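This briefing goes with the model shown below. Please keep the structure open while reading.

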Amino acid sequence: MKKIVCAFALLIFFPVFVQAQKDTLYVYGPGGPFAPIEECAKIFGSRNNIIVKVTAGPEPKWIKTAKQNADLIYGGAEYMLTSFSMKHANFIDQNSRTELYKRGAAILVRPGNPKNIRSIEDLSKPGINILDVNGAGQLGLWEDIAGKKDAIDGIQKNIKQSFGNTALGIAGWKEDKSFDAWINYESWHYRLKDITAVVKLPNSINVYRGTPIAVTTISKNKDPAKQFIDFMKTKEGHTIFKKWGWK
């Protein structure tokens, strides 16, 4: 009896506070759009008492977990999400697919631009070593741009090495200082300011690609997932994307 009374007294003077567990939205996609989506996730999550966990990187690193809990999948270009949906049939709700914002390409060079690269034509000059990513959202990016200036042959001859995705490209850029230039999205400069400078391309030759996102068919939080998309489409969301290099 004394033990019961003591236990009761402890509950009175030292109550147990149980914090309700927040719901979690799980978002997956490539590394390119991570920064603006992550910033939007923090704001949306704080305002709506929900955790929005964004996991980014090459698909093989997250697809197994995403098949178990993904609420949203995004792409670094429209063709990327289309390829994903073809590869993983019936995994995303096509009716929920939404285009966020477009981003354009640029030439990333070394800080200070030591080779004085000012245009796409400069990449054809002798002695320019170009890094290429032949995959992810950059598939065919440089060729689409170079073709407008008849510079395909010259640029191709100056490509020193190609990588399968952006993560590998970044590692190569960091490890091999002989790379002078990289035709990539301008948005990557804002993630790599310490190791790149940016040479912007004129609109007349630039290439823009989208940033699609869709709710998955397995999502247990479809309404919050759609609300998160709606938030990113607001003026506030657009401002965040523009800060990171989107239009």
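The model is predicted. The protein holds ten helices and eleven strands. Its radius of gyration is 23 Å, well over the 18 Å from the globule rule for 247 residues, so the protein is more spread out than a compact globule.

**Overall form**

- Along the principal axes, the C-alpha atoms fill a box of roughly 90 × 40 × 35 Å.
- Buried residues make up 47% of the 247 in the protein.
- Take the contacts between residues at least 6 apart in sequence: 80% of them join residues at least 24 apart.

**Surface and charge**

- The protein has an accessible surface of about 13100 Å². Carbon and sulfur atoms account for 55% of that surface.
- There are 35 positive and 23 negative charges.

**Aromatic pairs**

- How many aromatic pairs does a search of the whole structure find? The search gives nine.
- F241 and W246 make another edge-to-face pair. The distance is 5.6 Å centre to centre, with 90 degrees between the planes.
- F241 is buried at 0% relative accessibility. W246, at 4%, counts as buried as well.
- Y28, W62, F84 and F91 belong to a cluster linked by ring pairs.

- I155 belongs to helix α6 (residues 152–158).
- Is I155 buried or exposed? Its relative accessibility is 0%, and buried means under 20%, so I155 counts as buried.
- Leaving out residues up to four places away in sequence, I155 touches I120, L123, S124, I130, W142, A146 and I183.
- One of these contacts is S124. I155 and S124 are 31 residues apart along the chain, yet their C-alpha atoms are separated by 4.9 Å.

**T216 and its contacts**

- T216 is buried, with a relative accessible area of 0%.
- Which residues does T216 touch, not counting those up to four places away in sequence? They are A70, D71, L72, I73, F91, I92, D93 and K222.
- F91, which T216 touches, is also a member of the aromatic cluster with Y28, W62 and F84.
- K222 is another contact of T216.

**D23 and its contacts**

- Where does D23 lie? D23 is in the loop between α1 (2–13) and β1 (24–29).
- Beyond residues up to four places away in sequence, D23 touches I50, I51 and N221.
- D23 and E59 are 36 residues apart in sequence. Their C-alpha atoms lie 24 Å apart in space.

**Positive phi angles**

- N113 is not a glycine, yet its phi is positive, at about 50 degrees.
- N113 is found in the loop between β5 (103–109) and β6 (130–133). Its relative accessible area is 10%, so N113 is buried.
- N116 has a positive phi near 55 degrees, and N116 is a residue other than glycine.
- N116 is placed in the loop between β5 and β6. Its relative accessible area is 45%. Partly exposed covers the range between buried, under 20%, and exposed, over 50%, so N116 counts as partly exposed.

How values were computed:
Residues are numbered from 1 along each chain as its sequence is written. This is a predicted model: local features need pLDDT of at least 70, side-chain atom pairs count only at pLDDT 80 or more; totals for chains, interfaces and linings use all residues. Side-chain values use heavy atoms; hydrogens and water are left out. Helices (H or I, at least four residues) and strands (E, at least two) are DSSP runs, numbered from the N terminus. The radius of gyration is taken over C-alpha atoms; the globule rule is 2.2 Å times the number of residues to the power 0.38. Buried means under 20% relative accessible area, exposed over 50%, partly exposed in between (1.4 Å probe, protein chains only). Contact means heavy atoms within 4.5 Å. Accessible areas come from the Shrake-Rupley method with a 1.4 Å probe; for residues, only the protein chains shown count as cover. Lys and Arg count as positive and Asp and Glu as negative; His and the chain ends are not counted. The place of a charge is taken as NZ of Lys, CZ of Arg, CG of Asp or CD of Glu. Rings of Phe, Tyr and Trp (its six-membered ring) pair if their centres lie within 6.5 Å; planes under 30 degrees apart count as stacked, over 60 as edge-to-face and the rest as tilted.
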